[in-house]
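Reader: Hi! Could you walk me through this one? I'd like to start with charged residues and then hop around a bit.

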Amino acid sequence: ALPSCGRVQLSSQTTTINVKEVAVYNVSGQLIQVPVTTDGSKIEVNLSGVATGIYFIRAGGNVVKVLKK
């Protein structure tokens with residue numbers, strides 16, 4: 001899991017990531033609404049407004065586990 005205090009940045013060297021392709025889920029599998037920005041190959045997910053815990057970020061077919069402190 002990637003540790004984070006709020007902002008998570010991910011990048012892809014092979015594909016362009018559309019902000020509509022990014023989804024964030026809590027450990028219970030519920031979709032969480034958080035601010036997401038993208039500039040093509042990089043995305044930033046802002047978890048600062050959610051509770052401490054484990055979150056899963058799905059972007060462009062990949063899933064990243066994040067531990068929000």
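**Charges, a patch and a loop**

Author: Happy to, and keep in mind that this is a predicted model. Arg-7 is exposed, since its relative accessible area is 54% and exposed means over 50%.

Reader: Nice. Which residue does Arg-7 form a salt bridge with?

Author: Its partner is Glu-44, and the closest N and O atoms of the pair are 2.9 Å apart. The two residues link distant parts of the chain: Arg-7 sits in strand 2 and Glu-44 in strand 6 (residues 42-46), 37 residues apart.

Reader: Got it. And how many salt bridges does the count come to?

Author: The count comes to one salt bridge. In general, side chains of opposite charge can pair when their charged atoms come close.

Reader: Switching topic: which residues make the nonpolar surface patch?

Author: Val-27, Ile-54 and Leu-67 make that patch, which covers about 240 Å².

Reader: Where is Val-27 found, then?

Author: Val-27 is in the loop between strand 3 (22-26) and strand 4 (31-32).

Reader: Is Val-27 buried or exposed?

Author: Val-27 is exposed, because its relative accessible area of 61% is over the 50% cut-off.

Terms used:
Residues numbered from 1 in each chain as written. Predicted model: local features only at pLDDT ≥ 70, side-chain atom pairs only at ≥ 80, totals over all residues. Heavy atoms only, no water. Patch = residues over 30% accessible without salt bridge, like charges linked within 9 Å, V, L, I, M, F, W, Y side chains within 5 Å. Areas by Shrake-Rupley, 256 points an atom, 1.4 Å probe, with all protein chains shown as cover. Salt bridge = Lys/Arg side-chain N within 4 Å of Asp/Glu carboxyl O. Helix = DSSP H or I, 4+ residues; strand = E, 2+ residues; numbered from the N terminus. Buried < 20%, exposed > 50% of the residue type's maximum accessible area, 1.4 Å probe, protein only.
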